[in-house]
Amino acid sequence: MTTLRLGTRRSALATTQSRWVADRLTDLGHEVELVEITTEGDRSGALLTTIGGTGVFVSAIREALHDGRIDVAVHSLKDLPTAPDPELVLAAVPLREDSRDVLVARDGLTLGELPVGSVVGTGSPRRASQLAALGLGLDIRPIRGNVDTRIRFVTSGELDAVVLAQAGLARLGRLAEATEVIDPIQVLPAPGQGALAVECRADRADVVAAVSALDDADTRTCVIAERSLLSTLEAGCTAPVGALAEVVEGDDGLELSLRAFAGSEDGSLELRRSLVGSYTEPESLGARLAQILLEDGAADLTTTTAIGAVAPTPDRAPHRSEHVS
Ligand SMILES: NCc1[nH]cc(CCC(=O)O)c1CC(=O)O
């Protein structure tokens with residue numbers, strides 16, 4: 001095979017992730033060349049929720065795959081839309097980094113130590129919703145920017161804290177700046193957080209074969225469950241969603257445990273449910289847990305949380321006895 005052209009965005013995080021994949025492919029004996037691609041998300045300073053979500057980072061790179069300018073694309077898996085692209089394959093989901101969110105706060109503070117009224121920045125409705133639902137009296141403000149920009153809001157004193165993905169900080173070698181690793185019991189990560197997606201064209205069997213050597217079976221299984229939950233929920237509601245699947249030891253071998261969150265953006269309504277299922281059927285596990293969330297009230301949640309909007313009545317159904325806890 002000729003040199004593999006691997007597309008990357010210019011941000012520090014994207015290039016670090018792409019270099020990591022390039023190095024693994026080089027270890028396997030392939031020749032790799034990095035090709036830089038600019039996306040709308042990089043050019044625009046607008047809030048992600050205004051310019052069409054994180055899909056903007058992905059589409060320009062996918063475009064380059066379609067055009068044949070590159071052979072391999074590396075994305076943060078959580079930025080990948082759930083709708084599959086029929087001409088592309090997710091050839092590898094490499095071993096996941098830590099999936100949790102972290103707090104970067106002034107003076108080394110943790111969430112519990114932030115005084116009432118502390119200003120916390122996040123551009124993620126999922127983080128905003130779960131932070132607000134903690135009931136700590138935090139003043140949550142929308143921000144965006146790359147990891148460096150977001151941390152600078154805190155060091156400059158403009159904000160008391162920001163919430164970021166631990167994986168992003170780890171990849172940039174800046175984990176020491178985190179003041180707390182947030183337990184998923186408080187804030188569930190985005191589906192796919194901490195994992196990479198390595199895509200290539202379905203009609204390039206040689207590239208698919210080369211890249212698939214980087215796949216990690218457990219990570220892929222977890223991510224399938226999380227994304228199945230997300231796509232099923234997306235069909236039924238527009239609420240912020242968090243999800244985390246983990247491989248656990250069951251009585252008859254490996255099982256998959258899935259936890260999920262859906263809530264209103266202002267934190268006034270929140271639903272948390274979990275389910276354990278077969279390791280071999282991650283898609284069904286995700287879809288079933290999403291169905292439970294929808295039945296228990298997620299279908300009534302919307303992102304329309306404008307001041308004065310009437311909030312739907314939450315379904316106060318008690319926890320289900322069997323699988324759901
Ligand atoms: N939203 C952008 C984005 N996409 C992936 C990561 C971090 C790395 C990952 O989750 O894999 C980040 C930054 C963040 O959320 O702090």
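Which residues come nearest to the ligand, of the 10 around it? They are Ser76, Leu164, Ala165, Ala167 and Gly168. Here, a residue is near a molecule if its C-beta atom, placed from the backbone, lies within 6 Å of it. Strand β8 (161-165) and helix α6 (166-171) each give two or more residues to this shell; helices (H or I, at least four residues) and strands (E, at least two) are DSSP runs, numbered from the N terminus.

Before we go on, two quick notes. This is a predicted model, where local features need pLDDT of at least 70, side-chain atom pairs count only at pLDDT 80 or more, and totals for chains, interfaces and linings use all residues. Residues are numbered from 1 along each chain as its sequence is written.

Back to the ligand. Domain 1 (4-94 + 195-215) and domain 2 (101-181) both give residues to the shell, so the ligand lies between them. Those bounds come from an automatic or database domain assignment.

Now look at two helices, α8 (residues 217-236) and α9 (residues 282-295). They pack at an angle of about 35°, with axes 7 Å apart. Axes are lines fitted to C-alpha atoms, for helices over the stretch in contact, and angles run from 0 to 180 degrees between N-to-C directions. Among the contact residues are Ile224 and Leu229 of α8, and Leu285 and Leu289 of α9; contact means C-beta atoms, placed from the backbone, within 7 Å.

Finally, UniProt, in an unreviewed entry, places "domain: Porphobilinogen deaminase C-terminal" at residues 221-294, and such annotations may be inferred rather than shown by experiment. Over residues 221-294, the chain is 39% helix and 41% strand, with its end C-alpha atoms 23 Å apart.

Methods. Contact = placed C-beta atoms within 7 Å.
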